[in-house]
Structure formats: structure tokens, C-alpha cells
Amino acid sequence: GKGGYDHYMLKEINEQPTALGRSVSGRTDSAGSTVDLDGFPAGEFEGVDRVHLVAMGTSYHAAMYTEALLARRGVPARAFMSSEYASSPPPAEDGTLVIAISQSGETADTIAAVRAARAERTLVVTNVVGSSLTRECDDALLVRAGPEIGVAATKSFSSQVATLSLLSERIRRDVVGTPSPDAEAFLSALTRLPDQVRQVVESPAAEEIADAFTDSEAYFFIGRGPGHAVALEGALKFKEITYEHAEGFTAAELKHGPLALVTEDTPVFAVFNGGSDDTETLGNVKEIRARGGPVIAVASGDTPDLEGIADHVLSVPSTHPELVGVLANVQLQLVAYHAARRRGRSIDKPRNLAKSVTV
Ligand code: M6R
């Protein structure tokens with residue numbers, strides 16, 4: 001059942017600290033020195049020259065997030081929508097590892113991508129033991145989020161990113177030969193993430209923001225790097241359950257076109273990573289404000305100077321800049337949930353959608 005919650009989605013949002021804890025526990029330690037993925041011992045990914053990530057929907061956003069993590073670790077990686085990969089698979093090259101990401105393990109487009117792949121090895125990162133993709137792929141890594149019932153994927157995304165964070169570090173060590181320079185800080189931050197997600201889900205801030213923007217023309221989401229993946233995911237969640245027009249963009253892309261849409265009736269959620277790229281995102285926020293667009297910054301205390309620049313701040317606890325996106329995403333899940341609830345939408349079963357797209 002819904003365990004006392006009005007919707008499975010809200011229950012699953014609240015389960016994220018536990019789900020994330022399961023994804024991370026036993027796989028690293030609070031000192032951040034180990035990466036222990038059962039079935040994938042050290043040396044397992046030697047000889048990998050590039051990684052192709054294939055997925056759809058929310059899992060595609062986890063793929064984009066992972067592309068950023070791998071690139072920062074010196075591992076060439078590219079995220080593809082499974083459907084596009086299946087219709088034009090890149091040519092065969094030695095050393096290609098295909099990683100399929102799928103909560104259900106049953107998504108038809110992702111099965112087609114794996115079948116079309118001309119890769120040395122395929123691996124699926126999935127939430128479902130014994131799913132079709134675990135049979136289609138050479139190897140499987142479980143995200144351990146627990147069953148997800150709501151059509152809108154929530155806890156599976158957080159657990160995918162946590163699991164893929166560990167996998168990215170494992171791959172980096174095998175491919176480059178050394179841990180990433182800040183591996184200890186990154187891995188120990190991963191072990192603190194469950195408690196930090198708990199702080200976010202206990203805060204009323206997202207509901208207040210949902211209530212402040214009920215009659216807008218459209219809702220935009222921007223970010224860069226991992227924050228771009230989160231912006232796209234924030235927009236997907238919002239459109240999926242509120243039926244409002246929502247779009248995600250890279251922060252940099254705005255002035256190449258989308259800025260023409262920005263008015264005082266288009267709130268813009270700006271995701272900050274809490275790292276060196278915040279300065280550029282702040283510049284983009286100023287451009288939005290100059291066109292009258294209300295800005296809601298989603299940021300940790302490590303992003304300076306938001307005071308007087310953003311109209312509202314949805315704050316998240318400070319963590320490693322590559323993990324702020326996980327916390328920001330939880331805030332955006334809550335904004336979408338409360339916005340949909342206010343509008344009386346069918347939150348767990350939005351119109352026209354199914355939990356897994358098997359055809
Ligand atoms: O089971 P999968 O992760 O392969 O599903 C992929 C998408 O169909 C799924 O993420 C979909 O976009 C969700 N409804 C998003 O909330």
C-alpha cells in the first residue's frame with residue numbers, strides 16, 4: 001500500500017534516503033577509499049576505451065548525468081536515447097562498453113538498442129532482478145531502489161545516479177589506472193547523501209514554491225553539466241504529472257533561442273552545481289531577470305551571491321559539486337508533486353502514460 005501517503009509518488013520520494021542508502025551501502029565507505037561492486041572487481045573494465053550509455057526518459061537523464069561524471073574522470077562517454085541508438089548504432093570499435101540504464105529492465109527501445117549495439121560488452125544498470133534486460137546484457141548491476149509503483153520515476157533516478165557514480169569511479173580506476181583526484185571527497189559525500197536527501201524531503205520550501213506559481217504560461221528549467229541532466233528531469237517530471245508546458249535547457253543555450261520565450265509569466269528554475277561553473281549560470285540568471293522572468297535558484301550554500309539575483313532559493317545541503325544535482329532533483333520532484341496535487345491531477349497514473357513502455 002501507500003504506507004499512509006496520499007500517493008505512491010510521495011511515498012517513493014520519501015523512501016529516497018533508504019533507497020539511496022541501499023544503493024551505496026557496502027559499496028563504499030565513509031572514508032571514501034573503496035569501490036566494491038559485487039561482480040565487478042578491480043581490473044574488470046581494463047581495455048574499455050569508450051562508454052555508450054543508452055536509456056529513455058528519466059533513465060536517459062541518469063545517462064546524461066553519468067556522461068558528465070565519466071567525462072570528468074577522463075573516460076570518453078556519450079549518452080544516447082535508446083531509440084536513436086537502435087536506428088543508427090555507431091560503428092563497431094574495439095573497447096566499446098555499452099551501459100543500458102532502465103528502472104524496469106523492460107523498455108522496448110532500450111532492449112532494441114542493446115540488440116543493435118556493436119559493442120564488446122553490454123551491461124545493464126536496473127532496478128529489477130531477472131528483468132528482460134538482465135537477460136539481454138552480458139552483465140547486470142542492481143540499483144536496489146526497491147519497487148517503484150508511481151508512473152513518475154523518483155527514487156529510481158536517485159539510486160541510478162548513486163550506483164552509476166560508483167560504477168564511474170570503478171571504470172575510471174581501471175581505464176586511467178588511478179582513482180580520480182578527488183575520489184575520497186566524492187565517495188564520502190555519496191555516503192552522506194541519504195541523510196541530506198532526508199533534510200530536503202522534510203523541508204516545506206518546495207510546496208511553497210509550487211503554491212507561488214500556479215498560473216504561469218510555461219515552466220523552464222536550466223543547468224549545466226550534471227545540472228543540465230537535472231533540469232531536463234525536472235521539466236519531464238513537471239510536464240508528466242501537472243500537464244503544464246515545461247522545458248529544460250542548458251543554461252548556455254538560452255540566448256541562442258529559448259530566451260525569446262521568457263516573460264514574467266514563465267518561471268525559470270536554475271540548477272546550480274555549487275562549483276566553478278556557477279558564475280556562468282549566475283550570468284544566465286541575470287539575463288532572465290532582465291527579461292522579467294522570475295527565477296527560482298536550486299542551490300547549496302556553496303553557490304555565492306544569489307541574494308538579490310534570484311527571486312527565490314530552493315536550498316539544498318552542501319555536498320560535492322557532482323552530487324548537488326541529486327539533491328536539487330529531489331526539490332524539483334517535490335515542486336512537481338505539489339504543483340500536480342494543487343491542480344487535482346492523477347499523480348500516480350498520469351493521463352496517456354504507462355509505467356513501462358514495452359512496445
Ligand atoms: O523503466 P525505464 O527506466 O527503462 O523507463 C524509461 C522511461 O519510460 C521512464 O523513465 C519514463 O520516462 C518515466 N515515466 C519518467 O517519470
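## About the model

Because this is a predicted model, local features need pLDDT of at least 70 and side-chain atom pairs count only at pLDDT 80 or more, while totals for chains, interfaces and linings use all residues. Residues are numbered from 1 along each chain as its sequence is written, and side-chain values use heavy atoms, with hydrogens and water left out.

## Around the ligand

Let's start with the ligand's neighbours. The shell holds 14 residues, where a residue is near if one of its heavy atoms lies within 4 Å of the molecule. Ser59, Ser102, Ser104, Thr107 and Glu240 come nearest. By class, the shell has five nonpolar, seven polar and two charged residues; here Ala, Val, Leu, Ile, Met, Phe, Trp, Tyr, Cys and Pro count as nonpolar, Asp, Glu, Lys and Arg as charged, and the others, Gly among them, as polar.

In the side chain of Ser104, an N or O atom is 2.7 Å from a ligand oxygen, and for Lys237 a polar side-chain atom lies 2.8 Å from one. Thr58 takes part through its backbone, with an N or O atom 3.0 Å from a ligand oxygen. On its own the ligand has 420 Å² of accessible area, and the protein covers 91% of it (Shrake-Rupley method, 1.4 Å probe). Helix H3 (57-72) and helix H10 (226-242) are the elements that give two or more residues to the shell; helices are DSSP runs of H or I with at least four residues, strands are E runs of at least two, and both are numbered from the N terminus.

## The largest pocket

The ligand takes up the space of the largest pocket. A pocket is an open set of points on a 1 Å grid over the protein atoms alone, with protein on both sides within 12 Å along at least five of seven lines, and lining residues have an atom within 4 Å of a point. A molecule sits in a pocket if more than half of its atoms lie within 2 Å of its grid points.

Of the 25 lining residues, Met56, Gly57, Thr58, Lys355 and Val357 lie nearest the pocket's centre. H3 gives the most, with five residues. The lining has ten nonpolar, twelve polar and three charged residues.

## The largest cavity

A cavity is a set of grid points where a 1.4 Å probe fits but cannot get out. The lining of the largest cavity includes Phe213, Tyr219, Phe238 and Arg343. Its residues divide into eight nonpolar, no polar and one charged.

Note on methods: A polar contact is a pair of N or O atoms within 3.5 Å; within protein, one must be able to donate a hydrogen and the other to accept it, and residues adjacent in sequence count only if both atoms are side-chain atoms.
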